[in-house]
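Let's work through a few exercises together, one step at a time. Have the sequence and the 3D view ready, and try each task before you read its solution.

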Amino acid sequence: MDLSEELLELLQENARYSTDDLARMTDADPETVEAEIERLESEGIIRGYQAVVDFEETERERVRAIVELNVTLDRETSYGDIAERIVQFPEVQELRLVSGDYDFDMEVEGDSMREVSHFISDKIAPIPEITQTVTHYHMDTYKTRGIVLGDHDEDDRLSVSP
Amino acid sequence: MTIEPSQRVETVPPSGIRRFFELAEEMDDIISLGVGEPDFSAPWAAREAAITSLELGKTSYTANRGRRELRELIAGDVDRRYDLEYDPDEEVLVTTGASEGVDLALRAVIDPGDTVAVVQPSYVSYVPGVIFAGGEPLPVPTTQETDFKLTTDALYDAGVEGADALVLCYPNNPTGATMTGSELEPIAEFAREHDLVVLSDEIYSELSYEHDHTSIATLPGMRERTIVFNGFSKAYAMTGLRLGYALGPPEAIGAMNRIHQYTMLSAPTTAQYAAIEALESCDDAVAEMRRQYDRRRRLVLSRFEEMGIECFPASGAFYAFPESPWDDGEAFAEALLEQEHVAVVPGTAFGEGGEGHLRVSYATGMDDLKEALDRIERFIS
Ligand SMILES: Cc1ncc(COP(=O)(O)O)c(C=O)c1O
């Protein structure tokens, strides 16, 4: 595994690893690590860094929904054109073209169910190419982006063993 | 009446680890770098195979030597990885952990009064195992000067010429030392010259980071005098499933099986099904765990270097064995536990050569590891 692959893996595991720790773990020097990360960022391979938040543990109410979208295309309009329009909305967290029974898989976030519903009915449904929306509200999140939420994993090994 | 323990039991002092365990258990909220087992769970496929075997009602004893299918897979696996060729019918014994294998071998080849040289610092079970088998343990200390590798000088200094058997373990618990093929050659020559039986605990063979693992049994003239122990505890993170194996010439394995068939009957059946699956499909999981350990190893070694804590470049298992910042390693470990709630094990728990050192296990998640290292740094500054 070369340095860039290793850095990508480590930063996906924890974007807050310090440059020094990344250097220690990969046996590279900190300047090389720094330069490599800058390259990955400037080439658009690394697109950003975000925290994985378990909103259940906070006071703040966040509502998320997965919305299935069906569209019809015409000669002038491609999936890309429709997507380009939808991604403009700040409420939209994820948007993917998928295979199967529907075309786009969209994830929306808002402060309340009402807000999310209104967003879908006022902003998404009226888009001319969209023929159908099916909304699934998240009831509970157990794992997100590879991280298990909820009960903090207890290490039940003996604290000292041979 | 009160039941008096036998003399053999009386001779064996309580484990140095035990005392530390008790200290650590009194405290909550500790970060432990004192753990001698993986922090991963067994690969999912292996766990599922265990579950399926239970659902199918596979809950009987197996053949004494272990399921044939498993023995065949073990033989194929050690041949492929370590160039060790053993006949699954006569030269492979499936045991309840490598631990049982070591115990059986000692009891099968040691007569009362026989001298068994034990390379130290070492895993805590060997010396008691020798005593329980009626043998006389002869410690062979290794030191940081030789990166805790065994040398013929160390063998001569300890007087191993007259011994009957030699126990060694590379990659090593507690030091993390490994030995390459060429470093093992003079040891093999010594063993041939002085007609020693070699008991080679290679349970950490898959966790060798700087070079491929070499088994001493593959060196010329060694196969017939060596019993190799390995298992699923470390590489496959299956400690609780209690499954290991021993490899050796038919007379040795036969003798061990004679004890095994009366004491253990057979190794856990469920674990044998898990092990079959582990060997068949879990190479990638092992490689991934090794990669994670290696990152942590590099982190730990460079942090120690930056802190000014002397530590030889440990290259195997999941332990580093730095010098204690205080001369008295036990006092240091105790104070570190009390003040910073970080558990490490003093090197004295592992016998001669361990004084003034600490065993630091990096079989712990990166966040905890980093936090523990920060606390150690704070503690010594
Ligand atoms: C060197 C060594 N041998 C053997 C064992 C025990 O292995 P098993 O779980 O297979 O009995 C350990 C466990 O810590 C070990 O470190």
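Start with the helix called H8(B), which is followed by B:Asp195, a residue whose phi is positive, near 55 degrees. This is a predicted model, in which local features need pLDDT of at least 70 and side-chain atom pairs count only at pLDDT 80 or more, while totals for chains, interfaces and linings use all residues. Residues are numbered from 1 along each chain as its sequence is written, chains are lettered from A and ligands numbered from 1 in the order in which they are written, and side-chain values use heavy atoms, with hydrogens and water left out.

**Exercise 1. Check the length of helix H8 of chain B, then find what its buried residues pack against.**

Step 1. Helices (H or I, at least four residues) and strands (E, at least two) are DSSP runs, numbered from the N terminus. Helix H8 of chain B covers residues 181–193, which makes 13 residues.

Step 2. The expected span is 1.5 Å times one less than the number of residues. For H8 of chain B this gives 18 Å, and the end C-alpha atoms are 18 Å apart, so the two values agree.

Step 3. Look for buried residues (buried means under 20% relative accessible area, exposed over 50%, partly exposed in between, with a 1.4 Å probe and protein chains only). In H8(B) these are B:Gly181, B:Leu184, B:Ile187, B:Ala188, B:Phe190 and B:Ala191. An α-helix has 3.6 residues a turn, so residues three or four places apart point the same way.

Step 4. The buried residues of H8(B) pack against helix H7 (152–158), strand E5 (165–169) and strand E6 (197–201) of chain B.

**Exercise 2. Find the salt-bridge partner of B:Asp195 and say where each of the two residues lies.**

Step 1. A salt bridge is a side-chain nitrogen of Lys or Arg within 4 Å of a carboxyl oxygen of Asp or Glu. B:Asp195 forms one with B:Arg225, and the closest N and O atoms are 3.2 Å apart.

Step 2. B:Asp195 sits in the loop between H8 and E6 of chain B, and B:Arg225 in the loop between E6 and strand E7 (226–231), so the pair ties together parts that are 30 residues apart in sequence.

**Exercise 3. Describe where chain B meets chain A.**

Step 1. Count the contacts (heavy atoms within 4.5 Å). On chain B, 34 residues are in contact with 18 residues of chain A.

Step 2. Turn to the buried area, the accessible area (1.4 Å probe) that two parts lose on being put together, summed over both. Between chain B and chain A it is about 2100 Å², and carbon and sulfur atoms give 47% of that. B:Phe21, B:Arg295 and B:Arg298 supply 28% of the area that chain B buries against chain A, more than any other three residues.

Step 3. Count the salt bridges between chain B and chain A: there are six. The side chains of B:Glu306 and A:Arg24 meet in a salt bridge, with 2.4 Å from N to O.

Step 4. See which elements take part. Helix H2 (16–25), helix H11 (283–307) and helix H13 (366–380) of chain B each give two or more residues to the side that touches chain A. H11(B) has the largest share, nine residues.

Step 5. Take another salt bridge, between A:Glu9 and B:Arg291, whose closest N and O atoms are 2.8 Å apart. The pair crosses from helix H1 (residues 3–13) of chain A to helix H11 of chain B. A:Glu9 is partly exposed, at 23%, and so is B:Arg291, at 24%.

**Exercise 4. Which residues does B:Gln144 touch, and is B:Gln144 buried or exposed?**

Step 1. B:Gln144 is in the loop between strand E4 (136–141) and H7 of chain B.

Step 2. At 15% relative accessibility, B:Gln144 counts as buried.

Step 3. Leaving out residues up to four places away in sequence, B:Gln144 touches B:Glu310, B:Phe312, B:Phe321, B:Glu323 and B:His357.
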